There are 4 protein chains.
Amino acid sequence: MKSLGIGLIGTGFMGKAHALAFGAAKAIMGDVPDSHLTVLCDTPADKAAQMADQFGFAHATDDWKSLVTNPDVDIVSITTPNTLHFDMAIAAIKAGKHVYCEKPLALTLDQAREMRDTARAAGVKTMVGYNYIKNPAFTHACRLVQSGEIGDIVHFRGWVDEDYQADPSLPWTWRAKLSDAGLGALGDLGCHLVSMAYGLVGPIESLIADMQTVHATRPLADGTGRANVENEDTASALVRFANGVQGSLSTSRSAWGRKNRLAWEVHGTKGMICFDQERMNELQIYCNTGDTSQQGFTTILTGPEHPPYGQFCPAPGHQLGFNDLKVIEATALLRAIRDNHAAYPDFDHAYEFEKTIHAIAQSARDGLRVSLSDL
Amino acid sequence: MKSLGIGLIGTGFMGKAHALAFGAAKAIMGDVPDSHLTVLCDTPADKAAQMADQFGFAHATDDWKSLVTNPDVDIVSITTPNTLHFDMAIAAIKAGKHVYCEKPLALTLDQAREMRDTARAAGVKTMVGYNYIKNPAFTHACRLVQSGEIGDIVHFRGWVDEDYQADPSLPWTWRAKLSDAGLGALGDLGCHLVSMAYGLVGPIESLIADMQTVHATRPLADGTGRANVENEDTASALVRFANGVQGSLSTSRSAWGRKNRLAWEVHGTKGMICFDQERMNELQIYCNTGDTSQQGFTTILTGPEHPPYGQFCPAPGHQLGFNDLKVIEATALLRAIRDNHAAYPDFDHAYEFEKTIHAIAQSARDGLRVSLSDL
Amino acid sequence: MKSLGIGLIGTGFMGKAHALAFGAAKAIMGDVPDSHLTVLCDTPADKAAQMADQFGFAHATDDWKSLVTNPDVDIVSITTPNTLHFDMAIAAIKAGKHVYCEKPLALTLDQAREMRDTARAAGVKTMVGYNYIKNPAFTHACRLVQSGEIGDIVHFRGWVDEDYQADPSLPWTWRAKLSDAGLGALGDLGCHLVSMAYGLVGPIESLIADMQTVHATRPLADGTGRANVENEDTASALVRFANGVQGSLSTSRSAWGRKNRLAWEVHGTKGMICFDQERMNELQIYCNTGDTSQQGFTTILTGPEHPPYGQFCPAPGHQLGFNDLKVIEATALLRAIRDNHAAYPDFDHAYEFEKTIHAIAQSARDGLRVSLSDL
Amino acid sequence: MKSLGIGLIGTGFMGKAHALAFGAAKAIMGDVPDSHLTVLCDTPADKAAQMADQFGFAHATDDWKSLVTNPDVDIVSITTPNTLHFDMAIAAIKAGKHVYCEKPLALTLDQAREMRDTARAAGVKTMVGYNYIKNPAFTHACRLVQSGEIGDIVHFRGWVDEDYQADPSLPWTWRAKLSDAGLGALGDLGCHLVSMAYGLVGPIESLIADMQTVHATRPLADGTGRANVENEDTASALVRFANGVQGSLSTSRSAWGRKNRLAWEVHGTKGMICFDQERMNELQIYCNTGDTSQQGFTTILTGPEHPPYGQFCPAPGHQLGFNDLKVIEATALLRAIRDNHAAYPDFDHAYEFEKTIHAIAQSARDGLRVSLSDL
């Protein structure tokens with residue numbers, strides 16, 4: 001198979017993470033098709049050139065439209081602000097490229113659906129940057145659930161909190177504007193939680209929700225007054241999964257002290273598993289087996305027995321980091337292209353995940369239960 | 001002031017706890033009116049006599065009606081199964097006794113209201129056994145909230161989970177029967193969480209909820225078949241407090257591994273406080289103060305600076321236990337009688353707490369938002 | 001059996017704890033001989049009278065010598081400063097009383113030996129207040145070790161730290177004076193650690209040690225200058241147990257943030273157990289059994305399956321507190337008297353424990369390995 | 001500056017880590033001289049070729065001697081078994097190459113000294129793979145100590161434990177042979193702890209130690225019998241630092257459940273800092289400042305304010321992993337070469353670290369205090 005050319009749009013947090021991931025995937029995983037960093041896009045052009053040098057891309061551009069049609073590009077990585085995903089992804093797909101897009105797919109569910117449908121029609125491979133579901137600790141938890149280790153699943157609770165909007169004195173930014181950011185905490189954070197709930201329990205059927213803008217206005221950066229915060233700081237939902245399990249999901253971007261608290265607990269008839277991304281190399285599990293005087297939550301440190309941890313490090317407890325998750329993600333896309341199967345999570349899955357956050361917002365606005373099949 | 005005579009009904013978990021609490025209150029607290037253990041009631045009579053000897057009561061009886069009218073009894077402690085609280089409390093109040101009743105007040109909100117009204121009319125002092133809100137860690141958290149240490153409160157989340165009904169093979173008991181137990185997890189556990197939310201954030205105004213009977217039937221102990229579980233194993237609610245704060249409450253009696261996980265987090269504009277009763281001598285607090293590179297959750301171990309811890313032990317970190325909370329509770333009742341003020345939480349407060357759990361059950365049944373003022 | 005009369009000397013931290021323990025032992029444990037609080041001694045007399053009223057003693061005195069010879073006293077509890085233990089215990093034993101003495105037995109090993117020998121000769125029952133070895137979590141750990149749950153023991157490490165002498169600005173007190181306090185951190189704290197090592201691994205055969213006075217002088221409280229600190233703030237030892245196990249013990253009274261960190265880990269050929277008194281209701285255990293991908297440290301919350309926890313509370317995870325440990329200790333003494341067997345730990349055991357701390361001090365002074373059989 | 005050619009010997013755990021580190025250093029750090037992966041050495045040749053393809057090296061060889069003299073190689077990375085470090089490093093230095101060598105430098109202190117002296121004489125830059133001291137959490141702790149945040153340092157305790165030799169049934173390997181492995185737990189693990197103690201407190205002046213071979217023999221893999229374990233499974237030392245601080249160091253390779261427990265606590269006159277590599281993105285700090293009722297250990301999650309974390313990820317709490325530490329380490333070497341200053345830790349520092357583990361072994365053998373200046 002020929003080496004796959006990578007075209008990356010964006011050089012921020014996720015842009016760097018994509019560049020690193022493609023750069024390291026084969027060295028770490030071995031069994032991965034070759035890829036090479038073809039062209040990097042950012043604006044202005046000199047920034048693109050500088051970052052291309054740093055990241056190791058052969059070319060730089062400030063014109064994403066040329067990137068997505070560049071014949072040397074096989075995979076387009078989209079790591080730009082959320083408003084731009086739609087146009088870029090559609091253009092890339094129409095140019096026949098495989099697409100690796102950061103979450104959420106788009107600002108609206110309609111756009112997300114169109115992205116999904118366009119990709120389906122084109123037959124390209126897609127991948128959406130849900131990061132955390134690639135964590136060996138998470139996939140181990142999924143395997144435990146599927147193997148019946150904790151019995152039948154009966155309940156799920158999840159939270160995803162950060163504090164980047166906790167400070168009332170922070171200036172107003174585009175994040176607070178519906179037309180630029182779309183959803184607030186739900187779009188930034190909530191969809192990650194949904195992706196984990198989906199992996200552990202399955203699809204959500206209906207829900208009822210509430211949400212709140214904690215800081216109704218914020219000061220303008222230029223000191224000329226205050227502007228409205230148009231989207232939610234917190235949201236919570238009571239959910240019913242298709243398999244009958246009940247549960248709850250909560251998110252806040254104003255939760256002081258939480259830096260990446262993407263946490264959940266899944267209750268089964270024989271045990272419970274708990275996880276917190278802030279200790280991403282650990283899993284807590286309780287099983288009702290053996291002498292009850294010895295029962296308790298066991299803290300598992302991930303290691304080579306939780307693949308693909310061992311590809312990074314043969315020694316347990318030595319820890320993976322956030323960027324390693326992107327390597328696993330990029331690897332999955334590269335292999336999906338090589339082996340001609342769907343990647344996980346692709347635009348189809350991401351659409352399902354994101355349907356839930358839009359349903360939460362709708363229920364919170366209307367005060368009524370929302371069935372996801374009605375969206 | 002003359003020594004107050006204690007009449008205790010029940011010799012189980014809470015019966016012993018009440019006996020110990022009255023026995024130790026003065027020795028520990030010093031500034032407490034004298035009391036003495038007058039009469040203990042249980043059935044059959046020989047069990048009552050045996051436990052009276054063990055607990056140190058002067059007399060024993062198998063007739064609670066004689067106890068509540070015994071002229072040597074000033075305080076009636078009711079620690080019997082929940083169905084019996086109503087009759088006993090009403091009778092004791094009508095006999096002019098102060099009443100120390102375990103939670104929940106009654107099976108139905110109507111009964112609870114009648115208990116409250118009867119006590120109000122009689123002018124006796126009442127106390128309800130909410131235990132955990134007497135924990136020095138909890139009252140310290142309340143003081144921190146009230147002093148503005150974490151700014152304005154913006155969100156609240158709480159959970160209260162145990163696993164005593166987690167095992168599907170456990171036989172059916174009265175706990176599963178509406179007419180005997182009333183609510184399930186909400187009555188056993190949920191009301192504790194409400195009492196904590198109330199202390200930290202205040203009264204709840206409205207809510208929307210969902211609940212589930214995880215194990216729909218259970219085997220009859222006599223092996224003759226299975227019977228229905230009539231009340232909820234889990235319940236969750238999205239709540240709005242009177243002061244505008246949003247939050248969520250969840251409870252499960254089928255949560256493997258949780259032994260007394262009465263936990264919450266209260267989010268403020270300047271910080272967050274977290275607590276878990278399974279580590280009842282600890283409090284977690286994050287404040288957005290000082291150098292951000294040093295910020296994090298601080299684990300406070302309770303000590304003499306968190307009164308009344310120092311009455312139990314002058315050394316920090318040496319730990320209080322569950323029974324110590326009942327000493328603080330009994331002390332509050334004894335002092336309220338001496339000083340002629342309302343105890344906390346009395347039947348008025350307990351009625352408010354319990355209104356919430358009935359509102360959760362109603363909302364879960366109807367699928368609609370419930371305003372607590374409508375109950 | 002007639003009710004045993006308790007004579008208690010001292011009304012501080014431990015005095016109150018003894019009074020509470022005797023007051024609650026039968027109510028909690030049931031199967032305990034009757035006892036009654038006969039006479040309380042403190043100075044001045046009016047303080048003794050006041051505390052006797054608070055604690056529930058029938059009589060008060062400021063003359064400990066009359067207490068130890070009082071014919072209505074069967075058990076003498078000694079909770080005074082360490083310098084006084086020797087005279088009081090010897091007098092009580094010679095008066096034929098059973099003795100419940102706080103640790104350490106005495107300032108010097110010679111005195112401790114004489115106390116032991118006198119008690120042996122008199123045939124009275126003795127108990128020494130080592131508190132922490134009565135914790136159900138600890139005794140469960142000992143049972144696990146003895147049952148081979150973690151295989152053969154191969155290593156032990158322990159620490160006992162507090163911060164009551166961490167602040168350099170604290171004024172000089174009697175604690176800093178050899179003739180009043182004897183050993184420093186070793187006497188206050190270190191002997192507790194030894195008592196736990198003994199229970200888990202057995203007697204220590206030899207050791208080599210180092211120690212340090214961190215704060216060489218302290219300001220006099222009256223502002224007239226500074227005085228020398230004559231005993232150790234920290235001490236550490238490398239120990240060899242009689243059974244060949246190696247290990248280490250460390251203590252500090254100047255360890256900021258540690259409130260009661262009496263912690264250890266015991267390494268076996270099949271697993272490890274860890275404990276920290278600051279979370280006294282928890283035990284950590286790792287066993288090399290089952291699927292290695294599921295292995296990790298399990299956090300056991302104590303409950304009724306860890307006797308005598310269930311006597312205090314039938315519900316797991318509800319937590320015992322420090323004072324509860326003294327109830328277990330007092331119960332052991334009362335039963336030993338009734339059943340005419342040695343209590344644990346009695347003066348014999350305490351002498352063995354305390355030999356180790358004196359050996360540590362001697363090795364640290366001389367820089368040489370000390371064999372305990374040479375002391 | 002021309003791009004620096006990397007010659008890497010070894011393709012195991014550390015070989016891969018070096019390859020990844022050089023591959024990612026510039027992309028992550030930006031301000032790093034260019035480097036390229038020139039030649040990879042392993043045996044047999046086809047394995048070298050295969051891994052060169054996977055890791056992205058231009059050439060492969062099975063002859064390390066040709067690698068160290070290859071004119072296109074500027075930096076020689078040595079990640080082979082410890083017995084081979086000496087010959088390879090000496091040859092590389094003599095060929096004028098900069099050397100990045102894994103720890104420990106050599107099996108004996110004499111060899112380590114010769115390596116150091118040879119590097120000094122040649123004026124090449126060296127770096128030794130001590131990994132953990134590059135952790136932003138660790139360097140933050142060092143800055144806190146140096147800034148006086150916890151006052152004067154008064155005590156240090158450290159442990160480094162794993163369980164790769166805990167199972168008695170594991171077959172005998174070269175690790176158990178003095179002539180192949182040199183020291184046991186001290187060489188594998190203990191030197192890491194020393195490197196941390198050095199950074200936090202400074203050089204050790206003298207010590208007294210004990211050590212033990214827990215599993216005296218192990219079964220031969222071929223089933224023909226058992227062979228002796230010639231080096232230590234555990235070692236412990238009481239140390240005195242040059243600045244008068246006392247402390248202790250312990251290590252075990254037979255500590256069940258410990259996967260990478262490189263942990264320490266440093267005690268100061270104003271506070272304490274604690275760390276555990278198994279939670280490598282966290283730091284615990286207690287400061288005696290502010291209201292004592294609010295004091296406790298604060299858990300800091302590393303983030304952009306703990307450089308160079310922000311180079312990996314702009315969001316706090318997202319976690320670095322083990323391999324990221326090697327990127328920081330490789331960056332330090334590349335910059336040292338560019339800027340012509342010594343890297344940290346170079347052969348000089350490593351020699352100092354490793355002197356301590358040899359001193360521990362000597363003291364344990366002789367039973368006497370060892371002054372490091374005598375080695």
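**Exercise 1.** Locate T269(A) in chain A, decide whether T269(A) counts as buried or exposed, and list what T269(A) touches.

*Solution.* In this predicted model, local features need pLDDT of at least 70, side-chain atom pairs count only at pLDDT 80 or more, and totals for chains, interfaces and linings use all residues. Residues are numbered from 1 along each chain as its sequence is written, chains are lettered from A and ligands numbered from 1 in the order in which they are written, and side-chain values use heavy atoms, with hydrogens and water left out.

Step 1: T269(A) lies in the loop between β13 (261–268) and β14 (271–276) of chain A, where helices (H or I, at least four residues) and strands (E, at least two) are DSSP runs numbered from the N terminus.

Step 2: T269(A) counts as buried because its relative accessibility is 12% (buried means under 20% relative accessible area, exposed over 50%, partly exposed in between, with a 1.4 Å probe and protein chains only).

Step 3: Not counting residues up to four places away in sequence, T269(A) touches I150(A), G151(A), D152(A) and V154(A), as well as A166(B), P168(B), H215(B) and W256(B) (contact means heavy atoms within 4.5 Å).

**Exercise 2.** Find which residues touch the most other members of the largest nonpolar core.

*Solution.* Step 1: A nonpolar core is a set of buried Ala, Val, Leu, Ile, Met, Phe, Trp, Tyr and Cys residues joined through side-chain atoms within 4.5 Å.

Step 2: In the largest such core, which has 235 residues, W264(A) and W264(D) touch the most other members.

Step 3: A second, separate core of 234 residues includes A106(B), M196(B), A92(C) and L109(C).

Step 4: Leaving aside neighbours within four places in sequence, the contacts of W264(A) include F138(A), F156(A), W159(A), M196(A) and L283(A).

**Exercise 3.** Describe how chain C and chain B meet.

*Solution.* Step 1: 36 residues of chain C are in contact with 36 residues of chain B.

Step 2: Between them the two chains bury about 3,100 Å², 53% of it on carbon and sulfur atoms (the accessible area, with a 1.4 Å probe, that two parts lose on being put together, summed over both).

Step 3: Chain C and chain B share 4 salt bridges (a side-chain nitrogen of Lys or Arg within 4 Å of a carboxyl oxygen of Asp or Glu), and R279(C) forms a salt bridge with E282(B) at 2.7 Å, N to O.

Step 4: On the side of chain C that touches chain B, α1 (13–29), α2 (45–55), α9 (309–312) and α10 (322–339) of chain C each supply at least two residues, and α1(C) gives the most, with 8 residues.
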